[in-house]
Protein chains: 2
Amino acid sequence: MQNTPTSASLSKSQFSYRAGLSSGQPIGRLMAQALAYPNLVSLAAGFVDNATLPCEAVERVVTRLANQPELLRKSLQYASTAGNDEFRRALVDWNYRDWPDAKPNAERVILTAGSNQFLHLLAEALLDPGDIVIAASPTYFVFLGMLRGVGARAIGVQADDDGMCMDALSETLDRIVASGDAKRLKAIYTVTDFDNPGGSTLTLQRRQRLIEMVQRWRREHGPLLIFSDNAYQLLRFDGEALPPLPEISADAQDFVIELGTFSKSFSPGIRVGWGVVPDSLVPQLLEIKSNIDFGSPHFSQVIMLETLRSGEFDRHLPVILEGYRAKRNAMLDALERHMSGLPGVHWREPKGGLYVWLTLPEHIDASDTGLLWQHATQNGVLYVPGGYCFPPEGVPAQANTIRLSYGVQSCQGVSEGILRISDAIRQAANAGIGD
Amino acid sequence: MQNTPTSASLSKSQFSYRAGLSSGQPIGRLMAQALAYPNLVSLAAGFVDNATLPCEAVERVVTRLANQPELLRKSLQYASTAGNDEFRRALVDWNYRDWPDAKPNAERVILTAGSNQFLHLLAEALLDPGDIVIAASPTYFVFLGMLRGVGARAIGVQADDDGMCMDALSETLDRIVASGDAKRLKAIYTVTDFDNPGGSTLTLQRRQRLIEMVQRWRREHGPLLIFSDNAYQLLRFDGEALPPLPEISADAQDFVIELGTFSKSFSPGIRVGWGVVPDSLVPQLLEIKSNIDFGSPHFSQVIMLETLRSGEFDRHLPVILEGYRAKRNAMLDALERHMSGLPGVHWREPKGGLYVWLTLPEHIDASDTGLLWQHATQNGVLYVPGGYCFPPEGVPAQANTIRLSYGVQSCQGVSEGILRISDAIRQAANAGIGD
């Protein structure tokens, strides 16, 4: 008799140890849930607003490109691993026009297909099993998945409306030293503006303290990096822009890695992101990227080059901001309308970005195995359970939290979704009382 | 006094163990050499022919896309992790139109930014340190770098004008069993058509034997995959197409992973590649890809969708083939003219693809630390030392070999490059005699 392996045994035994570490990401379960309830209003999806996608701008940009035969031809060939040189220069000129002290040499820019791919490159290149990364609690859950995928430890630090609390960070650093793990601490991850999922923005004072703490750590303990994820920086609806971290101190270019993307501020389909890294890290990061894909798609890079220098980006951004501002307002209005009467429910009011962080009474479990989730999906609404967003060490996960996104819904969809969630909260709270 | 880490100590201590495994790829050194000698005729570069890039075709495709506002809008949004569904269906319809038995369900297709990114995904997802992959000697050196990067073992099998020798493969399999490593053998990697670097094509008979050997292995020892890299399949200048591996046996879909790309046959700047994987592997590969980049750029995928269904691809491919055929002929003519008189020098005549494999007398060291390399760069010509292309185990590396590419040079450049290399060979041979 033949000993034929079954399909199940094949798939189990053939994956790598690291594939096992990566598995079980919440995003997969959420997608499956969304597919199971097709009439769901999703306040979970990380997709961007369909209505304000830059269709006409891209048409004009592509026409411009067609009128530059040499550039078009070039865009169809491979670029270097770091990406199109002209674009890297144009990108730093444009991105740092208001922050001259932070402006890096274009040689320090590595282009990727979205900033997530750059985060993955950093995890791959810099982190060994047991290495430590500090992040806010809550923080970007996809990055937590990447850290798990390379076997790194993520330690969460208390955060509030103004982002990561610096006193709490200081205590966390002290604890790491006391535990003898100082050499394992590799990076502090922060989403400076309109954090995913917290919706908070690090104040100028906290940015300064963060830089000072890292400078001090480096003097006392050696290398430490900041991964400054600026994915939402351009999506500011209210108030003045705050300086990026390298603007704060001249030596920050030695230890701050900035990540940016046009996925949220222009188009995720074109998918151009970037990282700005210390000079000393450039060659080896490029070598690893070369080994993965020889560099990201050149055509997309040239489209974004023409988008920037034609002024199409600057003309289109206000359209996108207007769209998200209206939806943010719709969400805050609906929260006020439907949840202000609910005891123990409160939320942050973001000045930009795509997310509202909602906290429920402590006894309500918002996880996807809890009662609220069940009521919410039955009511036809989907959210991201906040519990996914807590690093496994440090601040304990709060199961009574929710990440809401107004990214993909219309104003009406946002309002309807909030209504349905508020109903679900009432149902879950009542059920709790009846227990 | 402050104990400030130097930039050098920073960069050394901060990279991961795996980054160390990935470092020292030959491609980086080759690029550095190319930059150091700007007037070099490069027969090394893996770039594609500039003259036949599909500029007009892409202009027309983009105009078509602009006239389909809904599709354009969709292309600017995120796709699913596997990629645009319509394109995946169109791709299998088109790619397997002559091979109905091999045609997979579109659900088994995962789109990537080039097939290299898919190879990397496979290495990441399927291979642990110490796992074994069998490949031809010589084989694609970038894949060898990926294997090193995950700590996998690569064992080389004798290859000739018809690709990997099946008797030699059989012996290699026996040796792996005898050494007790059968459970560590995960995959056999093959570039079926117009191999990089060998320029060889696996005959139908060898394809059949390969499938039979893997079927037998799976009965006796358990899971084993074939990574069938079809990157050059469409670049056939002479003769009839041979069936892809899944056409040979119905059960091959359970163990053959096919990789394809439009980088060589259309444009590497648009950069769309794909993998066709067994059903049982799809969910976890998607989960890992989702963790890396949420899927590859949607806009590029929609451009290739429109390129296929507008017929632009099929109209443009003959232009590309004509260009490469002329350059292949120019290279073979120049080899005949300048090297046929050189004792111990011979080369393969590829029926497609981008590469000619050149063997020199055994005493000539073509590595980048050897005399030939020195003469060649002084003469203004660059090649890929064949020694890079040998897996570290199995067939010993032959330092007296060279990979030549006619990809990026004009016919004239190809001829000039071959003349310069032949001069370098004479210089190196004479120096050898004078030792």
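Visitor: Hi! What should I know about the model and the numbering?
Guide: It is a predicted model, where local features need pLDDT of at least 70 and side-chain atom pairs count only at pLDDT 80 or more, while totals for chains, interfaces and linings use all residues. Residues are numbered from 1 along each chain as its sequence is written, chains are lettered from A in the order in which they are written, and side-chain values use heavy atoms, with hydrogens and water left out.

Visitor: Thanks. How many residues of chain B are in contact with chain A?
Guide: On chain B, 85 residues are in contact with 85 residues of chain A; contact means heavy atoms within 4.5 Å.

Visitor: And what's the buried area there?
Guide: About 7,600 Å², with carbon and sulfur atoms giving 58%. Buried area is the accessible area (1.4 Å probe) that two parts lose on being put together, summed over both.

Visitor: How many salt bridges between the chains?
Guide: The count is two, a salt bridge being a side-chain nitrogen of Lys or Arg within 4 Å of a carboxyl oxygen of Asp or Glu. R18(B) forms one with E124(A), and their closest N and O atoms are 2.9 Å apart.

Visitor: Which helix gives the largest share of chain B's side?
Guide: Helix α11 (residues 282–293) of chain B, with eight residues. Helices are DSSP runs (H or I, at least four residues), numbered from the N terminus.

Visitor: Switching topic: where is S300(A)?
Guide: S300(A) sits in helix α13 (residues 298–309) of chain A.

Visitor: Buried or exposed?
Guide: S300(A) counts as buried, because its relative accessibility is 1%; buried means under 20% relative accessible area and exposed over 50%, with partly exposed in between (1.4 Å probe, protein chains only).

Visitor: What does S300(A) touch?
Guide: Leaving aside neighbours within four places in sequence, S300(A) is in contact with I270(A), V272(A), P297(B) and S300(B). A polar atom of the S300(A) side chain also lies 3.0 Å from the backbone oxygen of I270(A).

Visitor: Last one: where is I421(B), and what does it touch?
Guide: I421(B) is in helix α15 (residues 411–434) of chain B and is buried, with a relative accessible area of 0%. Not counting residues up to four places away in sequence, I421(B) touches L43(B), M339(B), V381(B), Y383(B) and L404(B).

Notes. Helix = DSSP H or I, 4+ residues; strand = E, 2+ residues; numbered from the N terminus. Polar contact = N/O pair within 3.5 Å; in protein donor to acceptor, adjacent residues only side chain to side chain.
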